[in-house]
Amino acid sequence: MKKFLALLTAMLFGVFFLVGCSTGTQGTNKDVDKQTTEVSSDFASDTSVKDEANNQTDIRVIALKGPTAMGLVSFMNQVDTNTILDNQYQFEIVAAVDEVTPKIAQKKVDIAAIPANLASVLYNNTKGEVQVLAINTLGVLYIVESGNTITNVQDLAGKTIYASGKGATPEYALNFILSQNGIDPEKDVTIEWKSEHTECLAALTAQQNAIAMLPQPFVTTAQIKNEQIRIALDLTQEWERLGTSSSLITGVIVARREFVEQHPDAVETFLSHYKESVTYVNNNVEDAAALIEQYDIVPAAVAAKALPSCNITLITGSEMKEKLAGYLSVLIEQNPKSVGGALPGDDFYYGE
């Protein structure tokens, strides 16, 4: 048990940067280091419930604040207003990764929206007891600047980039995109790593033509505070331009394997509602932004501007496997610990 906790704490160092961001704050190294809950790799007994009288299943869902939770808000609202009644859904939105992982391992939740590489970590450290259902958020990383000098990746050569997330997925994503564009991250650019996004913002504000890598919705929050900041590059689009089979991915939906096997119809129904919710969020930005504030994810003013750049999606099946497996392959090449030491097997991917 202690061995698992040590491994998990190390893995968490690489997952909290992208998903927990909100109106200008997100998880820090201290948040992860303070994790004290002991998590066992031996799962507790299954506590999911099937109500045979009305053919309903209790489905407990947890999600991190930030983009990975945004696609759920219409679904949540329909449950709260008794529009969706097919199963008993319980939703919880939390601010930190260390609030999620113990609940998954201890079977206190059935489905979770979590960072993509954390899903792989959990799969490896629970001996396959976690299965990924879908990709729910593509990349949220952007190159921003206070000037007008960057129009493509090649323009970053010789520049200084302020960023946070060293030793974690933001660093690996940036290194991959730079390298694939013929730029050596160690020799051809200067990357000044900061402990928090606010330090990057301070550098952007203080210097003319400064450049930084920031995630949404922090980018939008920064732009609201300083209208001189502009988005220069969408790193998700830059990843796609490379023509690989992978994608830059932020968040996924996972479920306990035992729950999937015991309640296959409930899982399919959940995914159907989720897809409808994602479509609503992407097509009704202002209304969705109001719901995002209602569920205390980010303020509506930030959400309304950030949503089009948060890459909220729902990708399942073979496309999910191709994109996610490719993304995890990029991460393991740079740091095996970022995915739990090994790539997941085919049984990691729901439907495969």
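Aspartate 347 is partly exposed, at a relative accessible area of 34%; buried means under 20%, exposed over 50%, and partly exposed in between (1.4 Å probe, protein chains only). This is a predicted model, in which local features need pLDDT of at least 70 and side-chain atom pairs count only at pLDDT 80 or more, while totals for chains, interfaces and linings use all residues. Residues are numbered from 1 along each chain as its sequence is written, and side-chain values use heavy atoms, with hydrogens and water left out.

Twelve salt bridges (a side-chain nitrogen of Lys or Arg within 4 Å of a carboxyl oxygen of Asp or Glu) are found in the whole structure. Three of them are tabulated here.

| Pair | Closest N to O |
|---|---|
| arginine 256 and aspartate 110 | 2.6 Å |
| arginine 257 and aspartate 347 | 3.3 Å |

Arginine 257 pairs with aspartate 347. The arginine lies in helix H12 (residues 257-262) and the aspartate in the segment after helix H16 (317-334), so the contact ties together parts 90 residues apart in sequence. Helices (H or I, at least four residues) and strands (E, at least two) are DSSP runs, numbered from the N terminus. Arginine 257 is buried, with 14% relative accessible area.

Arginine 256 also bonds to aspartate 110. This pair links strand E11 (residues 249-256) to the loop between helix H6 (101-105) and strand E4 (111-115), 146 residues apart. Glutamate 258, by contrast, is partly exposed at 23%. Arg60, Lys107, Asp110, Arg256 and Glu258 are linked in a salt-bridge network.
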